[in-house]
Amino acid sequence: MGELLAMPFFSRGLIALCATGIAFPVLGIFILNLELIPARFAVMHAALLGGAIALILGFNVSVAAMLTSILAGIAIAIISWRGRVSAGGSLGLIMTVCMGVAFIIFYKGNVHAIEAFNLFWGNILTLTDADTRVTVITAAAILIFLCAAYKEIHIVLYDRELAWSVGVPAKLVYGGIMLSVCLGISVAMRVTGALLVDAVTILPAMAARRIGKSFKALIFIGALFGTGMNLSGFAVSFVFDIPVSSAIIIIGAAALFIIQGAESWKTYLLQRGKLNGKT
C-alpha cells in the first residue's frame, strides 16, 4: 500500500475522491430537495461541451467545463426560479444542443478516442496536479458556502416562497446553490466522467435521506457515505480491474439496496408485532 501511495497518480486520485466524497453529497441533497434532476442533466451536457472545446483548443478541461456549466447554470436559475424546472422544455433544448455541438467537435476536431472516452467515463488516474487542486478548492468552496449560509440554505430547500416571505435573500441563496451544483458537476465530470456524475452526488445523498432525519444529519451521513463509497470503489476497481466510477456506482447501489432491505425488514417486523398484539 505504501508503494501505491508513493505514486503521484494514485495519491492524486485518492485526494480527489476524499474531497468529493466529503463535499459533493451536499450537491446531491440540493439536487434532490429542489428537484433539479433535469437541470443537472443540462449542466452535465454543458460541461461536456466545454470539455470537448478544451480538448481541441488545448485548454484545461476542468476550467473550460466550469465556464460552460456556470453559463448553463445562470440560464437554468433564471428559468427555474419561478417554477419547477422539471416542467421546462428549455432544459431539454440546452441538453440537446450541447450534446450535438460536442459530437460535431469530436468528429471535426479528430479528438482521440481515449480523450473522448475519459470525458464520458472519467479516469481518476489521469488527474493532473492542477485538476487535483481545482477539485479540492471546489470542495472547500462548497463547504464554506454551506457553513456561511446554513440556515438560509435550509429554509430555501424547505420552501423558496417561505424563505422570501420571512426576509431571507432567497434568490441570492438559490443562485449560490445553483453555482455550487454547476461547479461540482463540472469538477465531478473530470473525476468520474460526464455520464457518471451521480456516483459522487446523487447516490450518497439518496443513502443519507434513507437514514437522516434532519438537515444536519443528512449532511454528515452523506459525507460518510460519499467518502466510504468513493474509497471502497477505488479499492474494488484495483482488485477487479474495472473503472473507478463504475465501481463507485456498484458500491453505492449495493448500499442503497442494503438500507432499503433493512427498512423493509423493520417495517415487516413492526407490522407483524402489531398483528400479534391484536390477536
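Which residues are buried in H3?

Guide: The model is a predicted one. In H3, the buried residues are Pro25, Val26, Leu27, Gly28, Ile29, Phe30 and Ile31. Helix H3 spans residues 25-33, and with seven of its nine residues buried it is mostly covered. Beyond the helix, the chain continues to glutamate 35, which follows H3 and has a positive phi, near 55°.

A further part of the model concerns a pair of helices. Helix H8 (residues 129-148) and helix H11 (residues 170-192) have axes that come within 10 Å and cross at roughly 155°. Since angles over 145 degrees count as roughly antiparallel, H8 and H11 are therefore roughly antiparallel to each other. Their crossing is left-handed. On the H8 side, the contact is made by Asp131, Val134, Thr135, Thr138, Ile142 and Phe145. H11 contributes Val173, Gly176, Ile177, Ser180, Leu183, Gly184, Val187, Arg190 and Val191. Sorted by class, the residues in this contact of H8 with H11 are eight nonpolar, five polar and two charged.

Serine 246 belongs to helix H14, which covers residues 244-278. Its relative accessibility is 26%, so serine 246 counts as partly exposed. Serine 246 and leucine 196 are 50 residues apart along the chain, and their C-alpha atoms are separated by 7.7 Å.

Key: Residues are numbered from 1 along each chain as its sequence is written. This is a predicted model: local features need pLDDT of at least 70, side-chain atom pairs count only at pLDDT 80 or more; totals for chains, interfaces and linings use all residues. Side-chain values use heavy atoms; hydrogens and water are left out. Buried means under 20% relative accessible area, exposed over 50%, partly exposed in between (1.4 Å probe, protein chains only). Helices (H or I, at least four residues) and strands (E, at least two) are DSSP runs, numbered from the N terminus. Axes are lines fitted to C-alpha atoms, for helices over the stretch in contact, and angles run from 0 to 180 degrees between N-to-C directions. Angles under 35 degrees count as roughly parallel, over 145 as roughly antiparallel, 65 to 115 as roughly perpendicular and the rest as oblique. A crossing is left-handed if the near helix is turned anticlockwise from the far one by less than a right angle, and right-handed if clockwise. Contact means heavy atoms within 4.5 Å. Ala, Val, Leu, Ile, Met, Phe, Trp, Tyr, Cys and Pro count as nonpolar, Asp, Glu, Lys and Arg as charged, and the others, Gly among them, as polar.
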